[in-house]
Amino acid sequence: MKKDLSKNILGKIKKEKIQPISKWSFLLKKSSIWSLFGISVILGGFAFGSILAQISSTEWNIRHQITDSFMFFVFMTLPYLWIIFMLGFGALAYYYLRRTSKGYRYSTIIVVNSSLLISVLFGSALYASGLSTKFEHAFQEKSPLYREVLDRRVKLWKNPEKGLLAGKFIKHIDEENIEIIDLRKRIWTVNIAEVVVKKELPLRSNLPVKIIGEKKENQIFIAKEIRLWNKNKVLKCDTEKPDEPCLKPPRHFPKKVKENFQLPRSNDWRHEKR
Amino acid sequence: MVNPDFSQKTDEELVVLTLQDQDVFYYLIKRYEQKLLNYILRLSSTSRENAEDILQEVFIKIYKNLNGFDRDLKFSSWAYRITHNETMSHFRKKQTKLKITSIDDEENNNLINLLKSSLDIQKEFSTKEIAKKVREIIDLLTSKYREILVLRYLEEKDYQEISDILKIPMGTVATLVSRAKKRFKIEATKNHLDELI
């Protein structure tokens, strides 16, 4: 006698008291996947905004001190960390979008491009609103690991031999000399007699600065230009603190100096070294 | 036993009714048991008893997941997807090579259609011997190609349904069908199948 398979299956379901999984668990699973996709796209957007912020804050005018090759400089200063993050979050977004109920219906190119496009649009909006730049500076200020190890642009400023020095202001020695501690924790005496600045620069204790100039003897540096570490930050000289040394553009960046001002080129440095 | 009211209902209506009354599931099982059993047998070389065990697991899984059934899909595509996954996972565990089992004359005709479509043959012919040979050649193909040929030519599913069953884009389905047919043609020529026609 042919057995009734349908009855047997239904019998087993009844006997084992099998119940359908609640629709809430499916809803939870579905919304978790969409949330993870959304989070990946948002984080990818943050990464893209940081890429834009880093590229826009790259100081192209120091290129000649490092290399004569434009491409080499671009490769040196590309924000690889954020590029890796963006690709990583892009891959996660792809993974989660594929796992949505209809995600499999779209081709890989459409899924990859759409998730990257959302990240790019979101990242561009973040950059345009200035949030990415703030985020980038917060990272630089709060995370020594990021500042000194992961941000490749920082390494450029660990090159006193090539005329690039960065660190924190310690004290004012006299009218023409200041003391700073560089990114490698070495103390430098920096001569500012002929220094130029583009913005007001009150030399406050622990203020992070970048200096372009020329290394002389051990730990002595002749500054030609001093910039704030944070390119977009604006500081004003405090009139209530007359003792605080303050460099101002009108005095230290006269038109004549500006016209004649030229950054030393990497070739000059090589020549001098020889 | 078969309630005429239920036999007129669509699959999707039966799903909704099953969630209200467990007994209605009987009509869904009845509607699909033979189709899904054939599919399991076509995908595998397993015995009928073993296929029935797999089918039982398939229907239990379908029942458990009824609340997760996406109404934008055809119920049959969803049921085939669960059957495909359950069969594959069953044989993956046992590490058995899948083979196509002969089902009936209709299947022989479908196998002949596959042969005609792949080798671009207009001539009418239909012999059990050739169908057997076609089956042997399909068994030589990798599981990726075999699965797609079974769904396209033996289950007679369209590209959208195959896409929903295997969870791959329709473009990929088209590519796989085309590659599987090319591969089939190579194997058919190698095995002198054209000489039998």
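Trainee: How many residues does the contact take from chain A, and how many from chain B?
Mentor: This is a predicted model, in which local features need pLDDT of at least 70, side-chain atom pairs count only at pLDDT 80 or more, and totals for chains, interfaces and linings use all residues. Residues are numbered from 1 along each chain as its sequence is written, while chains are lettered from A and ligands numbered from 1 in the order in which they are written. Two residues are in contact if their C-beta atoms, placed from the backbone, lie within 7 Å. On that basis the contact takes 18 residues from chain A and, from chain B, 24 residues.

Trainee: Which helix supplies the largest share of the side of chain A that touches chain B?
Mentor: Helices and strands are DSSP runs numbered from the N terminus, a helix being H or I with at least four residues and a strand E with at least two. Helix H1 (5–15) and helix H2 (23–56) of chain A each supply at least two residues of this side. The largest share, seven residues, comes from H1(A).

Trainee: How does the side of chain A that touches chain B divide by class?
Mentor: Ala, Val, Leu, Ile, Met, Phe, Trp, Tyr, Cys and Pro count as nonpolar, Asp, Glu, Lys and Arg as charged, and the others, Gly among them, as polar. By these classes the side has ten nonpolar, four polar and four charged residues.

Trainee: Which residue in the hairpin of S1(A) and S2(A) takes a positive phi?
Mentor: Strands S1 (residues 158–159) and S2 (residues 164–172) of chain A run antiparallel and are joined by two bridges; strands pair if DSSP finds at least two bridges between them. Asn159(A) stands opposite Leu164(A) in S2(A). The hairpin has four residues between the strands, and the positive phi, near 85 degrees, belongs to Gly163(A).

Trainee: What is the bridge partner of Phe169(A) in S3(A)?
Mentor: S2(A) is joined to strand S6 (residues 208–215) of chain A by five antiparallel bridges, with Leu165(A) opposite Ile211(A). S2(A) also pairs with strand S3 (residues 177–182) of chain A, in the antiparallel sense over five bridges, and a hairpin of four residues joins S2(A) to S3(A). In S3(A), the partner of Phe169(A) is Ile180(A).

Trainee: Which helix supplies the largest share of the side of domain 1 of chain B that touches domain 2 of chain B?
Mentor: Chain B is divided into domain 1 (4–94) and domain 2 (105–196), with bounds from an automatic or database domain assignment. Nine residues of domain 1 of chain B are in contact with nine residues of domain 2 of chain B. On the domain 1 side, H3 and helix H5 (75–94) of chain B each supply at least two residues. The largest share, four residues, comes from H5(B).
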